[in-house]
Amino acid sequence: MLIIAHAHPGPATGPGLVELATAALALLVAAVYLVAAARLRRRGDAWPWWRDVSFTAGGAGVAWAAVGELPGGPFSAHMVQHLIVGMAAPLLLVLARPLTLALRVLKPGAARRGLLACAHSRTAGVLVFPPLAALLDVGGLWLLYGTDLFEAMQHEPRLHAAVHAHVLAAGLLFSFAVCQLDPVRRRWSLFLRGATLLAAGAAHAVLAKNLYAAAPPGTAFTTPDLHTGAQVMYYGGDLIELALAVALAVQWYATTGRAHARQTTAPVMSSARRPA
Amino acid sequence: MSASDHPHTVPGARPEPRRSMVVCGVIGVAVMAAVDEIVFHQLLGWHHFYDRSTLSVGLLSDGLLHTAELLALVAGFFLYADLRRRRALVPVRAWAGFFLGLGTFQLFDGIVDHKLLRLHQIRYGVDVTPYDWAWNMAGLLLLLIGVVLAVRAGRHGRTASC
């Protein structure tokens, strides 16, 4: 994606076919979500409106990163794209609980059974183990910026597309595993998820500072561009970490609040349960 | 999660002095770290984002601490909200903890980050000695305020048995 706009600032050729297809797909997925949420509400289910906003913003973010004009020099623009595709959009999409929505809206049948089997499969269980998801996400970034991969992808459109697909998928997996909002095979403790967030955040911050000092091997970005890009990565990463931390803290606050309410209002209310 | 879910008079609410102090200590550390980041890195531009003389272990500890501070800020405020919700907050202890946290971070930053790990200096292009002294004395002062408040709260706590 965006290789034309980034690597060769010569003739402006606009977004290519892959970029347009990516953007169209992202918007289509967002539209499907909105239709599904509307159907749920018509049926009488409660589904907070902010989830629609969050998912739409996530889809629009991916679309914009694919075809939009991003600010700054080539490296800074790449970093803004990385922040949107790999961090901000995945979090917005995950916060909207797409799997829960799909399981609620699908009628009992092959599709729903398949989705449920997939969500509860052993493979999915292993993948959403938070430390593994973090390793796939941040480890991939270390490979991208620490080896010749970054240089190679500038000349190889298919590699470029594959790298960005990985960045999006790994970002989704990481946000999904840390937030743990959708029903999966196994639940992990808040402590493990918080510790994973800490380790991943630290690795991301160290990588950003390393990039500030030394560009990815084989590339020749100007120093101001490199410095801006590295700081975008560092402080942008901070914002997403803050958002993830708030997501975890809100879960904890709600859970302890329910436990507390049960204790203080028992025994009359002890059987009353509110949906999560 | 809204306030209306929790009645104002919680039966059996018990003050938690130790937890009040620890939670507000965490907030103090995180707030001081945020002040450092916002005032000295961003507004004044005195601290450098990256200093060539940084050791690689320094870079690693910086990344860990920086992320831990962000998480501590969020965790601290939610734990504080939980104490308030349960009517368990002891304000004197909370203030003592807050100042202890502020002072601890300031001293740690001034001694370990600036001097031992050499992540960055307070200011560049000037003699840094007076800045170091002012920095660490300010940290010590905050720490002392915290100690005095904690001792007073401790005495008060013994007489009032809370």
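Buried residues account for 45% of the 276 residues in chain A of this predicted model, where buried means under 20% relative accessible area, exposed means over 50%, and partly exposed covers what lies in between (1.4 Å probe, protein chains only). In chain B, 45% of the 162 residues count as buried. The model being predicted, local features need pLDDT of at least 70 and side-chain atom pairs count only at pLDDT 80 or more, while totals for chains, interfaces and linings use all residues. Residues are numbered from 1 along each chain as its sequence is written, chains are lettered from A and ligands numbered from 1 in the order in which they are written, and side-chain values use heavy atoms, with hydrogens and water left out.

The secondary structure of chain A comes to 12 helices and 0 strands; helices (H or I, at least four residues) and strands (E, at least two) are DSSP runs, numbered from the N terminus. Along the sequence, chain A accordingly reads α-α-α-α-α-α-α-α-α-α-α-α. Chain B has 4 helices and 0 strands, and its pattern is α-α-α-α.

Two helix pairs involving α12 of chain A deserve a look. Helix α4 (residues 74-95) and helix α12 (residues 223-265) of chain A have axes that come within 8 Å and cross at roughly 10°. Here axes are lines fitted to C-alpha atoms, for helices over the stretch in contact, and angles run from 0 to 180 degrees between N-to-C directions. α4(A) and α12(A) are therefore roughly parallel to each other, given that angles under 35 degrees count as roughly parallel, over 145 as roughly antiparallel, 65 to 115 as roughly perpendicular and the rest as oblique. The residues of this contact of α4(A) with α12(A) divide into 17 nonpolar, 5 polar and 1 charged. In this classification Ala, Val, Leu, Ile, Met, Phe, Trp, Tyr, Cys and Pro count as nonpolar, Asp, Glu, Lys and Arg as charged, and the others, Gly among them, as polar.

The axes of α11(A) and α12(A) also come within 8 Å, crossing at roughly 170°, and these two helices are therefore roughly antiparallel to each other. In the contact of α11(A) with α12(A) there are 15 nonpolar, 7 polar and 3 charged residues.

The largest nonpolar core holds 31 residues, of which A:Val128, A:Phe174, A:Phe176, A:Cys179, A:Leu197 and A:Leu244 touch the most other members. Such a core is a set of buried Ala, Val, Leu, Ile, Met, Phe, Trp, Tyr and Cys residues joined through side-chain atoms within 4.5 Å. At least two residues of this core come from each of α4, α5, α8 (130-146), α10, α11 (190-213) and α12 of chain A, and likewise from α2 (56-85) of chain B. α12(A) gives the most, with 7 residues. In soluble globular proteins, nonpolar side chains tend to be buried together. A:Leu244 lies in helix α12 of chain A and counts as buried at 3% relative accessibility. A:Leu244 and A:Gly194 are 50 residues apart in sequence, with a C-alpha to C-alpha distance of 9.3 Å.

α2(A) gives the most to the lining, with 7 residues.

Most residues other than glycine have a negative phi. A:Gln180, in the loop between α10 and α11 of chain A, has a positive phi near 50° and is buried, with a relative accessible area of 8%. B:Arg87 has a positive phi near 55°, sits in the loop between α2 and α3 (91-116) of chain B, and counts as partly exposed at 41% relative accessibility.
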